[in-house]
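Subject: Handover of a structure for your review

Dear colleague,

Please find below the sequence and structure that I am passing on to you. A description of the findings follows.

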Amino acid sequence: MNTLVPFIHFAGNCEEALKFYKSCFGGEISGIQRFSDSPMPVPETHKSKIMYSEFKSGGLFFLAS
């Protein structure tokens, strides 16, 4: 059976959204990579933002940016 994994883009507030989902569903936030981890040049204002992350709670799983 194939599984569809959503990749949700939050325009600048990914970390806030992930914390909200965790407060609602429990679970865990993992695989966090921030723009500061990237080898490409990134503006100072974006360095602390999440470029990639995973959210898991029971049967719920999605990727987020």
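**Strand pairing and the sheet**

Phe55 stands opposite Phe62 in S4. Two further facing residues in the sheet are Lys56, which stands opposite Phe61 in S4, and Phe7, which stands opposite Leu63 in S4.

The model is a predicted one, in which local features need pLDDT of at least 70 and side-chain atom pairs count only at pLDDT 80 or more, whereas totals for chains, interfaces and linings use all residues. Residues are numbered from 1 along each chain as its sequence is written, and side-chain values use heavy atoms, with hydrogens and water left out.

Helices (H or I, at least four residues) and strands (E, at least two) are DSSP runs, numbered from the N terminus. Two strands pair if DSSP finds at least two bridges between them. The four strands form an open sheet in the order S1-S4-S3-S2, with mixed pairing. Its edge strands are S1 and S2 (28-34), each of which pairs on one side only. S1 (residues 7-8) is joined to S4 by two bridges, and these strands run parallel. S3 and S4, by contrast, run antiparallel and are joined by five bridges. They form a hairpin with two residues between them, and Gly58 in the turn has a positive phi of about 60°.

**The helix and the core**

Helix H1 lies across S2, S3 and S4, and runs at about 5° to S3. Here axes are lines fitted to C-alpha atoms, for helices over the stretch in contact, and angles run from 0 to 180 degrees between N-to-C directions. Contact means heavy atoms within 4.5 Å.

The largest nonpolar core has eight residues: Phe10, Cys14, Ala17, Leu18, Ile50, Phe55, Phe62 and Ala64. H1 (14-25), S3 and S4 (60-64) each supply at least two residues of this core, and H1 gives the most, with three residues. A nonpolar core is a set of buried Ala, Val, Leu, Ile, Met, Phe, Trp, Tyr and Cys residues joined through side-chain atoms within 4.5 Å. Buried means under 20% relative accessible area, exposed over 50%, and partly exposed in between (1.4 Å probe, protein chains only).

Ser53 lies in S3 (residues 50-57) and counts as buried because its relative accessibility is 0%. Leaving aside neighbours within four places in sequence, the contacts of Ser53 include Cys14, Leu18, Phe62 and Ala64.

**Aromatic residues**

The structure holds seven aromatic pairs. Rings of Phe, Tyr and Trp (its six-membered ring) pair if their centres lie within 6.5 Å; planes under 30 degrees apart count as stacked, over 60 as edge-to-face and the rest as tilted. The pair of Phe20 and Tyr21 is edge-to-face, because the ring centres are 5.9 Å apart and the planes are at 70°. Tyr21 counts as partly exposed, at 25% relative accessibility. Phe55 and Phe62 form a stacked pair, 5.2 Å centre to centre with 25° between the planes, and both Phe55 and Phe62 are buried.

One aromatic cluster consists of Phe10, Phe20, Tyr21, Phe25, Phe55 and Phe62. Phe25 lies in helix H1 and is partly exposed, with a relative accessible area of 47%. Beyond neighbours within four places in sequence, Phe25 is in contact with Phe55, Ser57 and Leu60. Phe25 and Lys56 are 31 residues apart in sequence and 9.2 Å apart in space, C-alpha to C-alpha.

Yours sincerely
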